[in-house]
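Welcome! Take a moment to look over the sequence and the structure below, and then we can walk through them together.

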Amino acid sequence: MIYSKEVEEMCTVAQGVHHGCAPIPEEAKWVQAKKVEDISGLTHGVGWCAPQQGACKLTLNVKEGIIQEALVETIGCSGMTHSAAMASEILPGLTVMEALNTDLVCDAINTAMRELFLQIVYGRSQSAFSEDGLPIGAGLEDLGKGLRSQVGTMYGTLKKGPRYLEMAEGYVTGIALDADNEIIGYKFVNFGKMTDFMKKGDDAATAYEKACGQYGRVDDAVKIIDPRKE
């Protein structure tokens, strides 16, 4: 190690008492994290690319510094879906430090990893006060029974008003309007349920009907419009 002449000529002064780093909450324990393997927790974070054309929601379940589970959800950019596919292969098995310095293909996913790293090492994980943390597989719970991302897609113009295109329940097939042309509900089809019905032997038409549902005062509607055509 090289020291400047000014430092070499200084006299030594004792630093005094040092109690170490502040403990952070990890899986219902207070941990003085000094090494990568001291880090555990499940947390979520969101990242975005430089042109802000798309975003990524990343969920990691870390045990003793090693990523055991990763959920990568992307929106807004077609290329991000392929990047997410690669990131899902890359992330499990890496330490949080390795993942922070690994090219996760898409800038939005890299940014999400940075945000998660900050949360984890500062003790802001979702499982900070959960004894023994959350089991591997907890990341899938965000997706529900259909194992599909919770997506909301809405569009609106000043001239023609709002259009509901996709809700958490599924793909919106109709918007219910009252006499004042205000939205009072919507009809939808849940593609996850539809494909499950088809896997069990239902034909496409039957599966479609069984996967349809509605929300709000659809039965009171004066008219129902197709949000993609009207």
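## A term to start with

In this report, a residue is called buried when its relative accessible area is under 20%, exposed when it is over 50%, and partly exposed in between. Please keep in mind that the model you are looking at is predicted.

You will find Pro 92 in the loop between H2 and H3. Leaving out residues up to four places away in sequence, Pro 92 touches Ile 67, Ala 70 and Ala 87.

## The chain as a whole

Stepping back, the secondary structure of the protein chain consists of six helices and 11 strands. The radius of gyration is 25 Å, well over the 17 Å that the globule rule gives for 230 residues, so the chain is more spread out than a compact globule. Along its principal axes, the C-alpha trace spans about 85 × 45 × 30 Å.

How much of the chain counts as buried? The figure is 34% of the 230 residues. The chain exposes about 14,500 Å², and carbon and sulfur atoms supply 54% of that area. Among contacts between residues at least 6 apart in sequence, 50% join residues at least 24 apart.

Helix H4 covers residues 107-121. At 1.5 Å a residue, its 15 residues should span 21 Å, and the end C-alpha atoms are 21 Å apart, so the two values agree.

Which residues of H4 are buried? They are Ala 108, Ile 109, Thr 111, Ala 112, Met 113, Leu 116, Phe 117 and Ile 120. Just after H4, Gly 123 takes a positive phi of about 75 degrees.

Glu 26 sits in strand S1. Glu 26 is buried yet has no salt bridge; Lys 29, the nearest side chain of opposite charge, is 6.8 Å away. What does Glu 26 contact beyond its neighbours within four places in sequence? Its partners there are Val 31, Ala 33, Asp 38, Ile 39, Ser 40 and Ala 128.

## Salt bridges

Elsewhere, charged side chains do pair up: the structure holds 10 salt bridges. One of them joins Glu 9 and Lys 5, at 2.5 Å from N to O. Both Glu 9 and Lys 5 are exposed.

Another salt bridge joins Lys 57 and Glu 73, whose closest N and O atoms are 3.5 Å apart. This pair links distant parts of the chain, with Lys 57 in strand S4 and Glu 73 in strand S5, 16 residues apart. With a relative accessible area of 28%, Lys 57 is partly exposed, whereas Glu 73, at 12%, counts as buried. Glu 166 and Arg 148 form a salt bridge too, with 3.8 Å between their closest N and O atoms. Here Glu 166 is in strand S7 and Arg 148 in the loop between H4 and strand S6, 18 residues apart. Arg 148 counts as partly exposed, at 38% relative accessibility. Finally, salt bridges that share partners join Lys 57, Glu 73 and Asp 142 into one network.

Methods. Residues are numbered from 1 along each chain as its sequence is written. This is a predicted model: local features need pLDDT of at least 70, side-chain atom pairs count only at pLDDT 80 or more; totals for chains, interfaces and linings use all residues. Side-chain values use heavy atoms; hydrogens and water are left out. Helices (H or I, at least four residues) and strands (E, at least two) are DSSP runs, numbered from the N terminus. The expected span of a helix is 1.5 Å times one less than its number of residues. Buried means under 20% relative accessible area, exposed over 50%, partly exposed in between (1.4 Å probe, protein chains only). Lys and Arg count as positive and Asp and Glu as negative; His and the chain ends are not counted. A salt bridge is a side-chain nitrogen of Lys or Arg within 4 Å of a carboxyl oxygen of Asp or Glu. Contact means heavy atoms within 4.5 Å. The radius of gyration is taken over C-alpha atoms; the globule rule is 2.2 Å times the number of residues to the power 0.38. Accessible areas come from the Shrake-Rupley method with a 1.4 Å probe; for residues, only the protein chains shown count as cover.
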